[in-house]
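Dear colleague,

Here is the structure that I promised to pass on to you. My notes on it follow directly below, and I would be glad if you could read them with the coordinates open.

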Amino acid sequence: MSGNEEDWLALRPQEPSPSQCCGGGCKPCIYDLYEKELAQWERAKAKQDKGLLTEKREQSSNSVLNPDTFTAFSVSSVEQLTEDTYQYKFELPGNSSLQLSLGQHIVLRGIVNGLEVQRAYTPISPGNAEGYFEVLIKCYEAGLMSQYIKTWKKGDVVFWRGPFGGFPYRPNKHGELLMLASGTGLAPMLPILQSITDDEEDETFVTLVGCFPTFDKIYLKPLLQDLARYWNIRIFYVLSQIDGSECPALFGNPHMSPEGYTGSASLPDMIPNFPGLYPYETECTWLIVVAEGSSVLLSFSHFELEYHDACAYDYLQVYNGAARDQGNLLGTFCGHSPPPPFSSAWHVMAVVFRSDRHVAKHGFAAAYRKDACGGQLTGLSGEITSPRYPESYPNDAECRWSIGGTSGGGPLTLVFADFQMEGGQGCSFDYVALFDGPTVTAPRLGRYCGSTRPPRTVSSTPHLLVIFKSDFNIGGRGFKAHFYSGECQEVFTAIKGNFSSPQYPSFYPNNLKCQWSIRLPIGYRVKVFFLDMELEGRSSLTGGCDYDHLSAFDGGTENGSLLGRWCGRESLAPVTSHSNQLLLVLHTDRNTAKRGFSIAYVGVVPMNVSCTRTDFHIQIPVQSLAQLERNRIYLGTPSCAARVVGRNFKIHTRFDTCGTESQRRNNTSVIVSTLYIDFSVGDQEDIHQYEVQCEPKRKEASVTLIAGPDPSRLSQAENLVDAQQWEGEAVDAHEIKSQDTSDIVFISICILAGLLMVIAVVGLVLL
């Protein structure tokens, strides 16, 4: 071999070993660069031009990613998630972004013992995250790249290139996605999940099953918990190891303890050692999951736990849903009396058993079954849907929902949010039938089909039976309906009142939709005072009230103008409607219950108040106070009672009468008096007081409620209405003209003085 040939062979790129790239030569990785350098060497050798070899690959210091060039990024933070897994955050200059598409990954370059190593990682931050990106990396004891990564600290410079790959996702292309992720395989799933939850128009339903050794080794639980709160995101965990061998476990949940269980149609040997004595100091959780749209029916065939009157020692708890908090708790049980059968409000139920260090018993045996559709439903509110909703329902289906309110509950209300079924005269093909009781022998409330939503239905008993039936052909989208019972739905017609969330001040139940409708006589406005409120807080992802929230609508339906939407623990200003009706709606999700709220309301009397430099003019529509005589409405003293003029109560009085007084507020002189409206009945005194104020210089008047529904609970007077501000309360022009006598006198004097001056001048001229 000639010396020249040896020189060229010395310059030939060295082929990397498989261990330098993912252990298997994955592409793109170090091999794609090797192949490019080899091609470059072959071209240079063929032309015998070594100058062509100087075009080496570069390490760029700018922030723009390039598939062929490594770019330098600075480590801004390092967070250890488990004993071998880390979350690394890298800086991007300014508000720049990697602009990655879904599923794209980038390649890391490291030098270990003089050997170049490359590995591919998918950022877990959103592709459009500004100023940073994050990666999730598991370090292995004998891994080449792991040796390099373990040395990273804040401020170190690391080189990346890319992006590569991608996931061809399009919103609403698929009705449902199933994601299976083991360990750090969770990383590429997160940007896709965040993209779906960020897009309000994307209704793709996603089930993520994450596989981890134990509950403590689940990565990014807070982020997953926030994602799982969305209606279309469902997350389960498969755990391969459980601390303590006493409890069987397959599935967990981000809101629960590590243990969980999902089974088939029965749960034999649910408790350790059954039918022997259960072990001491044991806690087990079973998570029962059935098909979406179905319910879990749980029953007990044997039950024997240590007794305590408050079940403070050994106990069993049943939760309506996966989340383990007070809002989901259906009951806590101990002793020898078995719990009653339970039906979940949705397709998940959790069962928790705990024993202390003393006194063991034989435990319990339980079984569950799944309703294909229908079931026994209890609780203050809930939702029912036809099978497969919103997809087309199956043929030859029959479902029965027996809705029973809580003990002592009142009538039930059923409201259809969506309805589309096969039509036909007499609804003899596909239909929904409603019965005013628990069985078909009860009076029938209606039978519906077609595409017209059934009317709002109210039972006369605490039970309601809903039957859905389809024939052998022609279907539709089906239906979705909400039911309310007891303290979860009320209508108020009194001029003032108080109400609170269910079970206030204890935790409200989860999975609620409750409505309180305030309907006052025409002409009134509704003013709501928030005496106390503590709901689940805002979403850490969106900053909005995406979970539990209270909404107020102007009018009697949710189609009215939204007056406000609140959550968390806030001190809220009063809210006033623009009509005589106001609707409050409480939504709670499946997790994290709080204390709730307490509210007082008062019907605000609409009035026109005006003033001149000398007089007050007050007008109130008679229809607003039709039940009152005119002497029940007076300014200052009963002697200044209102008069009935046309369709209005009127008070017209001078400032020097009716208890008015002059005050100085904010360096401004004002005239103040008190308007009394007496709603008292018998010995029950009920007098509303409004402060009427006039600024004579500007001729501006205002009204403030100073005593209303419960003065001791209203911390301060609230301005209710500026003069002449109520819509729709127009008054004839001649009725509201200000009769400012001081102005008239002043003008008259000026005219008279002018006339006298003219007469004097004329007299002088004649003389």
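Asn113 counts as exposed, because its relative accessibility is 75% (exposed means over 50% relative accessible area, buried under 20%, and partly exposed in between, with a 1.4 Å probe and protein chains only). Asn113 is found in the loop between S4 and S5, and although it is not a glycine, its phi is positive, at about 55°. Strands here are DSSP runs of E with at least two residues, numbered from the N terminus.

Please keep in mind that this is a predicted model, in which local features need pLDDT of at least 70 and side-chain atom pairs count only at pLDDT 80 or more, whereas totals for chains, interfaces and linings use all residues. Residues are numbered from 1 along each chain as its sequence is written, and side-chain values use heavy atoms, with hydrogens and water left out.

The hairpin of S4 and S5 has 2 residues between the strands, and strand S4 (residues 104-112) runs antiparallel to S5, to which 7 bridges join it; two strands are taken to pair if DSSP finds at least two bridges between them. Within this pairing, Ile111 has Glu116 in S5 as its bridge partner. Strand S5 (residues 115-121) is largely enclosed by the rest of the structure, because 5 of its 7 residues are buried.

Asn667 is found in the loop between strand S42 (661-665) and strand S43 (668-678), and it is exposed, with a relative accessible area of 68%.

Two cis peptide bonds also deserve a look. The bond from Gly162 to Pro163 is cis, with omega near 0°, and Pro163 lies in strand S7 (residues 157-165). The bond from Tyr389 to Pro390 is cis with omega near 5°, and Pro390 is placed in the loop between S20 and strand S21 (398-404).

With best regards

Technical notes. Helices (H or I, at least four residues) and strands (E, at least two) are DSSP runs, numbered from the N terminus.
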